[in-house]
Amino acid sequence: MKRALVTGITGQDGSYLAEFLLERDYEVHGLVRRSSLLNRSRIDHLHDNPRLHLHYGDLTDGVSLVNLVRMVEPQEVYNLGAMSHVKVSFEMPDYTASTNAIGTLRLLEAIHAARLECRFYQASTSEMFGSTPPPQNEESKFHPRSPYGASKLQAHWVTVNYREAYGLFGVSGILFNHESPRRGENFVTRKITKAVAAIEAGLTDHVELGNLEAVRDWGYAPEYVEGMWRMLQADEPTDYVLATGVGHTVRDFCEAAFAHAGLDWRDHVKHNESFERPAEVDALIGDASKAEAELGWKAGTHALDLARLMVDADREDVARLLGEG
Ligand code: NAP
Ligand code: F7E
């Protein structure tokens, strides 16, 4: 039985990855940070699985990482924990760097110090490309446009460095945006699909958004966690882009989500400049041909199908809440 350690297990990707690994008979150890309310709603349904073990810790607390790595002795480590919101990273740059950049270094050093033969996945991001025009692939220039993107770039290079310096099987997965009904509610796709469901039910009549012109390459999160796993099963460690290869504007996503409920987005979307960023990433569209050729990975779900799938899930949530009320 393989043992995996997952940071960020309570997040969107961590929850899908935990399901994926448990289905493949892994013993899964998850790092959970302490908060005054339990923050495990995305993994509650896995609670009774005897192969799932949760541990308190934090990427900003090196001691907790050293102790956990020594205790678990994982064969695979997936570092998904992060302060993952780009706009918030402008408001909390110090914490963002400590969690995302130094946190990755702390975890790598914990593995190195324990002399573990383990494979390491780093959750890197298309935000590292920033202002480099699309299509972006593994060879494209990095030019991050936020404290988040810069922190992830440091984590990317430190992963590459531990691979080159110490022979670690370290992989940096450069993932473009991927969404799902479990997406955090303040990312734009989920904010839109939740609003559509609420407007349709008569709970509100509008949603306030920032820049509608940005282009993103949105894929479906469960497919992307399988890509992470495939990267760690490869013969050699190297870096991969995962993306659909198709770009849409935020406006396109709005149009599809509202149309799915028979609504015209122009009647319900208001502009609010407070949701704009000090520096924007205008267009991200990935070229995942290396992952397709070497890992047999290809995105199957595209943005506009995703919009409909997410609206349907949010409609069910609203119906359940109204039923309970
Ligand atoms: P998410 O839903 O925001 O989840 C982030 C996870 O990190 C949560 O479990 C969170 O815990 C945890 N976390 C935050 N700060 C931490 C800290 N100081 N110590 C330990 N854990 C901490 O993010 P996601 O969408 O699943 O993304 C997973 C990873 O992929 C992230 O590293 C993200 O930056 C990266 N990424 C995401 C995308 C995307 O489109 N989704 C694309 C490229 C890369 P709480 O539940 O307690 O908040
Ligand atoms: O913004 C625009 C916003 O916050 C997408 C993270 O998972 O993917 C994600 O980062 C676009 C941006 O995602 C609102 O300006 C307009 O252009 O959903 P988002 P993101 O910034 O692309 C990357 C790959 C990651 O790695 C990150 O962790 O939508 N936008 N109006 C808005 N965005 C938000 N959040 N809220 C708005 O009201």
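Predicted model: local features only at pLDDT ≥ 70, side-chain atom pairs only at ≥ 80, totals over all residues.
Ligand 1 is surrounded by 26 residues. The closest are Thr10, Asn39, Asp58, Ser84 and Tyr148. Polar contacts to the protein backbone include one at Asp13, where a polar backbone atom is 2.8 Å from an oxygen atom of the ligand. At His178, a polar backbone atom is 2.9 Å from an oxygen atom of ligand 1. At Ala82, a backbone N or O atom lies 3.1 Å from an oxygen atom of ligand 1. On its own, ligand 1 has 900 Å² of accessible area, and the protein covers 90% of this.

Several elements build the shell around ligand 1. Helix H1 (12–23), helix H4 (93–113), strand E5 (119–125) and helix H5 (147–166) each supply at least two residues. Strand E5 gives the largest share, three residues. By class, the shell of ligand 1 holds twelve polar, nine nonpolar and five charged residues.

Ligand 2 has 23 surrounding residues. Ser84, Thr125, Tyr148, Arg277 and Glu280 are the closest to ligand 2. A polar side-chain atom of Thr125 lies 2.7 Å from an oxygen atom of the ligand. For Asn177, a polar side-chain atom lies 2.8 Å from an oxygen atom of ligand 2. The backbone takes part through Val188, with an N or O atom 2.8 Å from an oxygen atom of ligand 2. Taken alone, ligand 2 exposes 700 Å², and 96% of that is buried by the protein. Helix H6 (188–200) and strand E8 (207–209) are the elements that give two or more residues to this shell. The shell of ligand 2 comprises eight nonpolar, eight polar and seven charged residues.

Helix H4, a contributor to the shell of ligand 1, also packs against helix H2 (residues 62–72). The axes of H2 and H4 are 9 Å apart, at an angle of about 35°. The crossing of H2 past H4 is right-handed. On H2, the contact is made by Gly62, Leu65, Val66 and Val69. On H4, the contact residues are Gly103, Arg106, Leu107, Ala110 and Ile111. By class, the residues of this contact divide into six nonpolar, two polar and one charged.

Most residues other than glycine have a negative phi, and most peptide bonds are trans. The peptide bond from Pro134 to Pro135 is cis, with omega near -5°. Pro135 sits in the loop between E5 and H5, and both of these elements supply residues to the shell around ligand 1. Asp25 has a positive phi, near 70°, although Asp25 is not glycine. Asp25 is placed in the loop between H1 and strand E2 (27–32). Glu73, also a residue other than glycine, has a positive phi near 45°. Glu73 lies in the loop between H2 and strand E4 (76–79).

Terms used. Residues numbered from 1 in each chain as written. Chains lettered and ligands numbered in written order. Heavy atoms only, no water. Near = heavy atom within 4 Å. Polar contact = N/O pair within 3.5 Å; in protein donor to acceptor, adjacent residues only side chain to side chain. Areas by Shrake-Rupley, 256 points an atom, 1.4 Å probe, with all protein chains shown as cover. Helix = DSSP H or I, 4+ residues; strand = E, 2+ residues; numbered from the N terminus. Nonpolar A, V, L, I, M, F, W, Y, C, P; charged D, E, K, R; others polar. Axes fitted to C-alpha atoms, helices over the stretch in contact; angles between N-to-C directions. Left-handed = near helix turned anticlockwise from the far one by under 90°. Contact = heavy atoms within 4.5 Å.
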